[in-house]
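Thanks for sending this one over. Here are my notes, in numbered points, to read with the model open.

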Amino acid sequence: MRPILALIALVAWGLVGFPLTREFSSHSAVVTLVGLMALMLIRKWFDFRFAETSFKKSYTKRDLSQFIRILIGLAWQLPIFWVFNPALDFANYEGSSLLLLLGVVLCLCGLLVFFRAHADLGAGFSPTLVIKDKHQLITAGIYTRVRHPMYLGLLIYFGGQAFVAHNLVVGVG
């Protein structure tokens, strides 16, 4: 629930801090915000639906976990910062409708793969790496073709976001 509240807080900060002074492509901004919210909702829905009740062993390492959380935080917050703050305007470029359409299609494909990965995991889903009591290797659904479909879904999604954003920093970041 905390990531969703953080996203709402960031959006509110952007609206309050930069109300009508921001010039941006509204289509790009809407696709960026809706896509990020969809990723968070997919993740939180399965986190809520298959909450950890008991597990045998957790493999979360504090140092690596903190570093990864910082990187993921930047990947989520940089596009939101771009939408509401003119500080990254130096890296904007003229984007065509074709690039926007390609980006939207890639984002939708990434969301679909991300959702399918969570759905196929079912009760085996956990937001962290844990061994559950009745743990089993998932080899059905999308896992028959891809070993790490959540990562693939995110890679496709953020690749699409690079085309949607029309900003070199947000696209590469």
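1. Start with the inward-facing list: Leu100, Gly103, Cys107, Gly110, Leu111, Val113, Phe114, Ala117, His118, Asp120 and Leu121 are the buried residues of H4. Buried means under 20% relative accessible area, exposed means over 50%, and partly exposed lies in between (1.4 Å probe, protein chains only). Helices here are DSSP runs of H or I with at least four residues, numbered from the N terminus.

2. A word on the ground rules. This is a predicted model, where local features need pLDDT of at least 70 and side-chain atom pairs count only at pLDDT 80 or more, while totals for chains, interfaces and linings use all residues. Residues are numbered from 1 along each chain as its sequence is written, and side-chain values use heavy atoms, leaving out hydrogens and water.

3. H4 covers residues 97-121, which is 25 residues. From first C-alpha to last it reaches 36 Å, close to the expected 36 Å (1.5 Å times one less than the number of residues).

4. Cys107 is buried at 6% relative accessibility, whereas Cys109 is partly exposed at 38%.

5. Finally, Ser28 sits in helix H2 (residues 26-49) and is buried, at 1% relative accessible area. Leaving aside residues up to four places away in sequence, Ser28 touches Trp82, Leu100, Val164 and His166 (contact means heavy atoms within 4.5 Å). Leu100 is also among the buried residues of H4.

Definitions and conventions. Helix = DSSP H or I, 4+ residues; strand = E, 2+ residues; numbered from the N terminus.
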